Amino acid sequence: MRNRSTIGAAIAVGAVTLLTSGCLSSGGDGGGGSNNTSNEIELMYGFTGNQDQVFQSVMKEWAGQNDVTIQFSPTPDFNSLINTRVQGNQLPDIAIFPQPGILRTMAERGVLSDVSEAVDMDDLEANMLPGAIEAGQGEDGTQYGILMSSNIKSVVYYPKAGAEQAGLTTPPATFDDLLSLSKTVAATGTTPWCFGIENGPGTGWPATDWVENLMLINYGSDVYNQWVQHEIPFNDPRVLEVLNQMEELLLAPGETNGGREAIASNNFQTAGNPMFDTPPGCYMYRQGNFLTQQGFFPDAVVDTLDDTVGVFPMPGTSADSSPVLGGGDLAGLFSGDNESAQKTLAYMASVDFQNKMAKELTSYLAPRSDVDPANYPSDTSRNFATIQNEATDWAFDGSDQMPGAVGSGSFWKEMTAWIAGEIDAQTALDNIEASWPAS
Amino acid sequence: MSSGTVATPIQLQSDTASVGSNTKARGGKKPDVGGKSPLWVRIVVGLLCALWIIPTLGLAVTSFRPADQANSSGWWTIFTSPSVTLQNYSDVFSRANMGEAFVNSVAITVPATIIPILIAAFAAYVFTFMQFKGRDFLMVMIVALLVVPTQVALVPLLKLYGDLGISGTFLAIWLAHIGFGMPLAIYLIRNYMATLPKEIIESAKIDGASHFQTFWRLIIPMSTPALASFAIFQFLWVWNDLLAALIFVGPGSNQPLTIALVSLLGNQGQGWQLLTAGGLFTMLVPILVFLSLQRYFVRGLTAGSVKG
């Protein structure tokens, strides 16, 4: 009795759902996975909004001409979703990783394919940024990812109006120049720096970019990478030195708009906006090149970007060194045997693709140095490209490469606590070191 | 946000129901004789309502403000320096395919609400009115399933769906929501049915009604409050769900409103002003559903809580 009724119910339910699903679910076979041999591939990535729209239109145009059908899966919560999908064995064919850390985790699980077969490595070696190829390599040196877009975080924005009166006439050539420039501006009675690290649950990350910048400037990419890979401890005296430098440059009274106490509650998106007040509330804001997109500076400023906003790179220790802290999105291949996926990946690494993206997406920066500068839509983005391509030293964003517990956990939190004045620099560094997961 | 708004009418309702009937009985609108507590109660309830309503009002106002202003000043400044724009709304509809997402949301929510109610009603009937071996044990098992967090099932389900080839379809998300909603549905409806007078069922039996007839003709009409209240729970839950939708449907042509909405937000959080407009838009349907079903909801809240 019991058995019959449950089976009957199950059948009834099954019939109902199957019948209705036939009417409603339109296509969407879920795609993806390493056994996909069709020319319909799934491309999963973490960027959304305008970036996503431009990317899709560029990719669709190419796919239409090359007999590839791409199913786009932009997801705002890329890292957790890719983890779930890999555990559930629901792999996309290609994924674009915003951080090398997660790419390496996937590579260690054995779900990623070597991409060096799919792309022309010689061409990339010759034309990519130095260091950009290495960013996509696993620990054994296998190429698991190719940088398809890049960004730089060693840029300082300043308002063109009023900069001269404040003493900001020429971009500082060395870090000492930057320090003295900061003092000059401070002497006029206005705070030289805009600085804000609030970003909801992500509060603190803009501070990590500062620390990383200063690490790279002071000690070069070799020591920087050792620090990021935890070959030297996080609380090394050299890191403490950097934090002391930050205190002098940014946190001392009169250096930052609103004072040290306001930094932790000042949203990074709008922290730079007092630069455009009359008179400016601050004169310099170091942040990534993404800041020129719609949605950060006031709309009126974005519309007249080249005339209103100036940029200069973070200077090196000497006039002939210009280290750049950058980042980017790495395309990785799950379906190594799928020809369409290979072609798609190769296209994203090509100069054609990157020229098109540069032309159509304001915030795009090409990791290839042979992209025609004329394609960038504004002088400001051309400046970014020049700063990136003329870098004497390029390093990938460190917190993106550190284990999640540190890179998007204790590093953010302890920096926030330190900046808010709750703990001293040494304690903050010790805490982060203690939180580094034992491998 | 939306759960905040829908919560208020309950309090309003219970407030007016109890306080209203009391005052009426004692004569008109005047404050109660000798008792300050009704006023005090009303103040507290009013404060609670304000706590829920003010953020929603802020959301609504912000959605009509230009982004630059929303970035530089609070929403309440609209009352001193009004400036209104529909830009956010037109941006939301031009940047995301909200129409398609809306249809998808309906297509996901309606079956994922009706199917579990139907199954749970069958099951609840069986648990209440039929005798069989192991009935209590089965019931305890189902109640125990209430405490299992949804998240533990995500990966195994995804794996199963992959093997069946239904990942990314509506069927996948329906099944997930049906499964996740079932324990609560059975528990709630069974407890309600247990309060129905046994005599009616017995007399139906004497008149020769089969179980099926009893169920459809008697039990279902009498259980409407419990069914309706669970329908609202499940509808709101599925409509507002982002987690299961992201995992089992994912972005693309089948995406519901929640995914379309969150995709409007840029990587560094730019475009948040679009969320205010989009968020308000997605709240419309739940509010309508709630308002049209709320009289069942208030009755249904006590469903199963008092057995007697």
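# Briefing on a predicted two-chain model

Among contacts in chain B between residues at least 6 apart in sequence, 77% join residues at least 24 apart. The structure is a predicted model. Chain B consists of 14 helices and zero strands, whereas chain A holds 17 helices and nine strands.

**Chain B: fold and annotated spans**

- Along the sequence, the elements of chain B follow the pattern α-α-α-α-α-α-α-α-α-α-α-α-α-α.
- Of the 308 residues in chain B, 37% count as buried.
- An unreviewed UniProt entry annotates residues 39–61, 101–125, 137–158, 164–189, 226–250 and 270–291 of chain B as "transmembrane region".
- For the span 137–158 of chain B, the end C-alpha atoms are 29 Å apart, and the content is 64% helix and 0% strand.
- For the span 226–250 of chain B, the end C-alpha atoms are 32 Å apart, with 84% helix and 0% strand.

**Chain A: dimensions and domains**

- Chain A has a radius of gyration of 24 Å, which agrees with the value near 22 Å that a compact globule of 439 residues would have.
- Taken along the principal axes, the C-alpha atoms of chain A fill a box of roughly 85 × 55 × 45 Å.
- Buried residues account for 51% of the 439 residues in chain A.
- Among contacts in chain A between residues at least 6 apart in sequence, 77% join residues at least 24 apart.
- Chain A is divided into domain 1 (40–152 + 327–389) and domain 2 (155–325 + 397–434), and the centres of these domains, taken over C-alpha atoms, are separated by 28 Å.
- The contact between the two domains of chain A takes 17 residues from domain 1 and 18 residues from domain 2.
- On the domain 1 side of this contact, the elements giving two or more residues are helix H4 (100–109), strand S4 (145–152) and helix H15 (379–389) of chain A; H15(A) gives the most, with six residues.
- By class, the domain 1 side that touches domain 2 of chain A has five nonpolar residues, 11 polar and one charged.

**Contact between the chains**

- The contact between the chains involves 39 residues of chain B and 44 residues of chain A.
- Helix H3 (67–72), helix H5 (98–129), helix H7 (154–164), H8 and helix H12 (243–249) of chain B are the elements that give two or more residues to the side of chain B that touches chain A.
- That side of chain B comprises 20 nonpolar, 17 polar and two charged residues.

**Nonpolar core**

- The largest nonpolar core has 191 residues, and those with the most contacts inside it are A:Ile146, A:Leu345, B:Ala120, B:Ile173 and B:Ile189.
- Helix H8 (residues 170–193) of chain B gives the most to this core, contributing 17 residues.
- Leaving aside neighbours within four places in sequence, B:Ile173 is in contact with B:Ile108, B:Ala112, B:Ala244, B:Ala245, B:Phe248 and B:Val249.

**A:Pro323 and its surroundings**

- A:Pro323 is placed in strand S8 (residues 323–333) of chain A.
- A:Pro323 counts as buried because it has 24 C-beta neighbours inside 10 Å, the threshold being 20 or more.
- Although A:Pro323 and A:Thr392 are 69 residues apart in sequence, they are 5.5 Å apart in space, C-alpha to C-alpha.
- Beyond its neighbours within four places in sequence, A:Pro323 is in contact with A:Leu216, A:Ile217, A:Ser221, A:Gly316, A:Ala391, A:Thr392 and A:Asp393.

**Backbone geometry in loops of chain A**

- The peptide bond from A:Thr278 to A:Pro279 is cis, with omega near -5 degrees; A:Pro279 lies in the loop between helix H10 (260–263) and strand S6 (285–287) of chain A.
- A:Asp67 is not a glycine, yet it has a positive phi of about 60 degrees. The loop holding A:Asp67 runs between helix H2 (49–65) and strand S2 (69–74) of chain A.
- With 9 other C-beta atoms within 10 Å, A:Asp67 is exposed, since 12 or fewer is the cut-off for that class.
- A:His230, also not a glycine, has a positive phi of about 65 degrees and is found in the loop between helix H8 (205–228) and helix H9 (237–251) of chain A.
- A:His230 counts as partly exposed because it has 15 C-beta neighbours inside 10 Å.

Conventions
Residues are numbered from 1 along each chain as its sequence is written. Chains are lettered from A and ligands numbered from 1 in the order in which they are written. This is a predicted model: local features need pLDDT of at least 70, side-chain atom pairs count only at pLDDT 80 or more; totals for chains, interfaces and linings use all residues. UniProt positions are given in the numbering used here, feature names are shortened, and annotations may be inferred rather than shown by experiment. Helices (H or I, at least four residues) and strands (E, at least two) are DSSP runs, numbered from the N terminus. A nonpolar core is a set of buried Ala, Val, Leu, Ile, Met, Phe, Trp, Tyr and Cys residues joined through C-beta atoms within 7 Å. Two residues are in contact if their C-beta atoms, placed from the backbone, lie within 7 Å. Ala, Val, Leu, Ile, Met, Phe, Trp, Tyr, Cys and Pro count as nonpolar, Asp, Glu, Lys and Arg as charged, and the others, Gly among them, as polar. Domain bounds come from an automatic or database domain assignment. The radius of gyration is taken over C-alpha atoms; the globule rule is 2.2 Å times the number of residues to the power 0.38.
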